[in-house]
Amino acid sequence: MTGKSDTLVAWDDVLASYDPALGLEVHVELNTVTKMFCGCPTEFGAEPNSQVCPVCLGLPGAMPVVNRKAVESAIRIGLALNCEIAEWCRFARKNYFYPDMPKNFQTSQYDEPIAFEGYMDVMVEGEIHRVEIERAHMEEDTGKSLHVGGATGRIHGADYSLVDYNRAGIPLIEIVTKPIMGSREKAPLIAKAYVAQLRELIVALGVSDARMDQGSIRADVNLSLAPVGTGALGTRTETKNVNSLRSVERAVRYEMQRHAAVLDSGKAIFQETRHWHEDTGVTTSGREKSDADDYRYFPEPDLVPVAPSRAWVEELSGTLPENPREKLDRLQADWGFSDLEMRDTVGAGALGLVEETIAAGAAPQAARKWWLSEMARRANDSGVDIAELGVSPAQVAAVQALVDAKTINDKLARQVFDGLLAGEGTPEEIVAARGLAVVSDDGALGAAVDIAIAANPDVADKIRDGKHAAAGALIGVVMKEMRGQADAGRVRELILEKLS
Amino acid sequence: MPEITRDEVAHLATLARIDLDDAELDHLAPQLSVILESIASISSVAGDDVPPTSHPMPLTNVFREDVVVPGLTAAQALSGAPASEQQRFSVPRILGDEQ
Amino acid sequence: MSDLTRTTAAQLADALAAGETTSVEVTQAHLDRIGEVDGAIHAFLHVDAEGALAQAAASDARRAAGRPASGLDGVPIAVKDILATQGLPTTCGSKILEGWIPPYDATVVARLKAAGLPILGKTNMDEFAMGSSTEHSAYGPTHNPWDLDRIPGGSGGGSAAAVAAFEAPLALGTDTGGSIRQPGAVTGTVGVKPTYGSISRYGLVALANSLDQVGPVTRTVLDAALLHELIGGHDPRDSTSITQPVPDLTDAVRLGATGDLTGVRIGVVKELNGSGYQDGVRQRFQESVDLMVDAGATLVEVSCPMFVHALAAYYLILPAEASSNLAKFDAMRYGLRVLPEDIADPSAEDVMRASRDAGFGDEVKRRIILGTYALSSGYYDAYYGQAQKVRTLISRDFDAAFEQADVLLSPTAPTTAFKLGEKLDDPIAMYLNDLATIPANLSGVPGISVPGGLAEEDGLPVGIQILAPTMADDRVYRVGSALETLLTDRWGGPLLDRAPALKGAPA
């Protein structure tokens with residue numbers, strides 16, 4: 001999309017004049033086997049229009065029936081977010097026309113959500129921020145359009161569109177926060193940390209694939225600015241399509257800078273939908289809120305109310321994962337991490353990854369080290385979230401196991417990760433194929449040590465005189481000779497043996 | 001007394017995606033006003049203490065289990081489509097935004 | 001057998017069981033009759049001779065093998081065009097669905113097929129069931145077999161006329177505000193609106209979801225009971241479907257057929273009898289009441305003061321729900337697609353607008369606009385919300401009335417069949433036809449219309465409506481059957497015997 005680029009105000013100047021109010025709407029696609037209101041499968045990536053039936057295609061006469069498992073997941077999400085669970089609630093029709101919505105209304109919940117009035121404590125730079133949850137409600141997803149013609153494959157400028165309804169009717173839970181006030185300069189980080197922690201919670205609940213890159217978690221960012229210190233609420237924009245943790249942070253920062261520029265110039269922000277562009281890192285204007293938003297909600301007459309019994313809610317609360325804060329304390333104790341190490345791990349969005357890596361057999365410090373140094377650097381270089389880098393906790397644990405077995409060292413391990421990202425196979429296969437194994441065979445090492453001693457008689461003399469620290473120089477020579485693949489510990493032992 | 005103006009009818013027709021022409025608007029507006037007038041009595045009949053009835057039979061918690069039920073083939077799904085391509089429904093260019 | 005088309009479904013079932021005829025013979029006889037008279041009646045939008053005969057042959061094979069699928073196996077039926085039929089066009093009387101062939105069956109249609117009833121075709125109706133005369137069909141009106149210049153009622157005028165003209169022994173209808181009962185009344189046939197939720201709505205193209213019910217359209221009360229038992233019962237595909245089993249209806253009919261009503265309290269609803277009702281209608285109604293009292297019934301007058309608001313509540317709830325239901329007809333996935341003439345490169349939205357303008361008739365547009373208005377922000381509470389409260393009040397009236405009476409009686413419709421075109425552009429006058437039938441839909445109670453004789457001033461049929469409490473469908477059958485027995489004894493034969501012979505057809 002083209003258009004004049006937005007004027008932005010420098011970050012410090014934004015904060016000098018304005019207070020941000022933040023709101024997040026996160027859609028979580030559930031991992032139920034079937035859709036929200038029909039028995040069609042929900043598998044990702046099937047042939048177009050092969051997972052449809054009269055209900056999700058909106059054929060005349062078809063009627064919805066609620067998926068019990070989806071309600072159960074909604075209640076569990078609500079409970080995990082410390083929400084109240086409605087004793088009685090209904091589905092409603094949200095009426096608007098759009099070609100990827102088969103009935104031209106979305107079956108959703110309106111003023112009677114299944115869960116409401118909750119909170120989540122979000123950790124940012126070692127501090128806890130309480131994000132209040134307004135509601136979590138059930139709804140259905142839409143189909144997907146392919147835009148044909150035009151230059152970009154985007155909706156604008158396309159000649160026509162091709163619609164696949166496989167996704168139509170997949171259950172979604174929409175989680176809406178109350179306005180988050182007082183976040184100041186931390187607003188971008190709080191937004192990111194909230195979505196990251198929410199994602200981890202969803203993973204722990206096991207209710208969604210939680211893949212932001214596949215759209216199974218989608219965030220909309222609401223943002224407004226008010227003059228600093230007034231505590232007022234300004235006009236907000238709703239930025240859609242923010243589909244990575246990194247983008248959540250960037251989009252908040254961008255909108256704050258853009259709003260400030262508009263307000264500084266004496267103009268008003270008007271309420272609109274904006275679109276986040278991952279590639280260029282900017283938002284662009286979508287449609288203005290207008291009469292199209294007269295959604296004419298009314299209770300879905302083809303469905304009956306959902307009235308979860310307290311016994312059911314009680315039973316489901318027994319299936320919840322551990323409270324996140326207690327869990328953090330427990331993990332820190334188990335792993336022996338310092339406060340700083342723990343904070344960095346959480347801040348990098350790597351808590352779950354480290355946990356899984358440890359579960360797969362790696363030592364806690366080793367797991368932390370790989371994710372927070374090597375993986376974080378690689379993710380940053382390629383501009384993706386660490387979770388979506390393409391290396392799994394199991395693979396990191398496997399690489400570390402090779403290090404522990406002295407098959408490779410840390411330096412060689414980096415080459416193994418190169419191989420993993422290039423899709424060259426398992427760590428073992430990569431070590432074999434690339435010839436990365438450490439040489440610890442005394443014959444080969446001994447010969448290299450002998451050569452090194454012969455070539456550096458002055459260093460050898462120092463060692464003979466008891467200056468063992470000088471061995472490092474000889475080890476370096478041997479390592480160079482053996483292209484890094486020597487077992488440095490064994491080389492040291494051999495040098496000391498030969499020169500004692 | 002409730003009345004629907006011609007402009008209001010035009011606005012409602014936009015919401016309902018019906019391309020009413022001038023003659024239809026002229027005809028409909030007064031008819032709708034008459035209908036509205038005849039049903040206006042409703043607004044004062046029931047007090048705040050009367051609960052609404054959304055269904056004649058008060059059922060709750062009607063669920064299905066999360067089990068796959070065979071649906072339609074893509075060919076069946078597309079059988080009524082005015083146009084299709086690449087096993088998808090072909091629709092004219094879409095105004096506005098990506099959902 | 002003499003004339004297979006003038007035989008009741010129950011008699012046909014007996015004859016088929018006894019091997020006196022075959023389903024192919026019966027089905028062919030009805031197809032022949034359709035060929036003879038439907039040019040004048042226009043009860044059918046689509047006749048499936050080939051499919052019906054194939055189903056009939058399969059039925060005969062089952063009978064020959066001693067394994068009939070049901071008591072009605074082989075008895076042909078007509079289906080209102082609002083019910084999805086796999087492989088058969090389903091248009092709902094609308095241009096917007098012209099040529100649409102559903103890839104699935106409505107649950108009731110699946111039950112007919114499983115029970116072995118050959119489907120003769122799809123019957124005419126007011127577009128999307130909006131109307132009381134079948135004149136709002138996009139495919140032209142159906143004509144009343146009693147007088148071809150008059151309406152057959154609506155919206156299910158096609159099903160009622162098909163049965164009245166002996167084109168089918170049985171038909172399915174749907175009743176949202178009287179669309180089974182009122183056509184029954186004006187064509188001298190029997191129509192039943194069952195308890196809401198007792199017959200699956202899955203595959204019924206929704207008009208107003210919280211009011212719609214499928215029900216039988218027949219010439220006798222017994223036939224209605226046989227069909228009702230066959231299509232009724234819980235359906236997991238319809239979330240509003242109730243789990244209670246269908247009561248024993250044929251037993252209730254047999255009890256009623258004794259003509260004895262001793263101990264039955266019949267309530268006459270004050271608000272559904274009096275001004276606005278044609279003289280001949282009131283006379284026939286009074287006659288029926290008198291006959292029932294003579295047969296042992298106790299008469300009580302009951303008052304249902306909230307019924308006067310039923311029409312208003314109905315004309316808010318129905319358009320509101322319908323405006324949303326009909327949004328799916330947008331030219332994207334099925335149905336008519338019209339490109340606007342004056343736009344060079346139309347968008348999806350332009351095509352939706354043009355297609356919906358071209359594909360919907362006046363009455364449908366009228367109600368969509370009305371419903372859109374009623375649901376619009378700012379009006380919801382005043383209209384839709386308020387109408388739902390009125391439903392509660394009407395149900396309370398019913399509750400109170402049923403404490404005094406076992407069944408409630410009224411004329412089914414305020415007048416006999418009016419002339420085609422007479423009320424076409426006067427929506428309010430048209431809506432008043434459903435005054436007596438609408439309260440039952442608002443509160444979900446079952447009701448039947450049985451022929452009550454001919455009005456003296458015009459010689460046209462009058463219907464008597466019998467309502468019972470929710471789930472007491474057996475009561476409408478018992479009392480309906482009793483009244484049918486009392487009246488046919490008095491007439492010396494079925495009312496339809498007095499209908500004029502149709503041109504081009506043997507009497």
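Modeller: I start with strand pairing: two strands pair if DSSP finds at least two bridges between them, and helices (H or I, at least four residues) and strands (E, at least two) are DSSP runs, numbered from the N terminus. This is a predicted model, in which local features need pLDDT of at least 70 and side-chain atom pairs count only at pLDDT 80 or more, while totals for chains, interfaces and linings use all residues. Residues are numbered from 1 along each chain as its sequence is written, and chains are lettered from A and ligands numbered from 1 in the order in which they are written.

Colleague: What makes strand 9 of chain A and strand 3 of chain B a pair?

Modeller: Strand 9 (residues 160–164) of chain A and strand 3 of chain B are joined over four bridges in the antiparallel sense, and the definition asks for at least two bridges, so they pair. Within this arrangement, A:Tyr160 stands opposite B:Pro92 of strand 3.

Colleague: How do you know which residues of chain B are in contact with chain A?

Modeller: Two residues are in contact if their C-beta atoms, placed from the backbone, lie within 7 Å; by that criterion, 34 residues of chain B are in contact with 46 residues of chain A. The largest share of the side of chain B that touches chain A, five residues, comes from strand 3 of chain B.

Colleague: And how many residues of chain C are in contact with chain B?

Modeller: There, 57 residues of chain C are in contact with 45 residues of chain B, and helix 13 of chain C gives the most to that side of chain C, with eleven residues.

Colleague: Why is helix 2 of chain A called roughly perpendicular to helix 5 of chain A?

Modeller: Helix 2 (residues 68–80) and helix 5 (residues 310–317) of chain A pack at an angle of about 65 degrees, with their axes 10 Å apart. Axes are lines fitted to C-alpha atoms, for helices over the stretch in contact, and angles run from 0 to 180 degrees between N-to-C directions. Angles under 35 degrees count as roughly parallel, over 145 as roughly antiparallel, 65 to 115 as roughly perpendicular and the rest as oblique, and therefore helix 2 of chain A is roughly perpendicular to helix 5 of chain A. Their contact is made by A:Glu72, A:Ile75, A:Arg76 and A:Leu79 of helix 2 and A:Val313, A:Leu316 and A:Ser317 of helix 5.

Colleague: Where does C:Ser155 lie?

Modeller: C:Ser155 lies in the loop between strand 3 (119–123) and helix 5 (157–164) of chain C.
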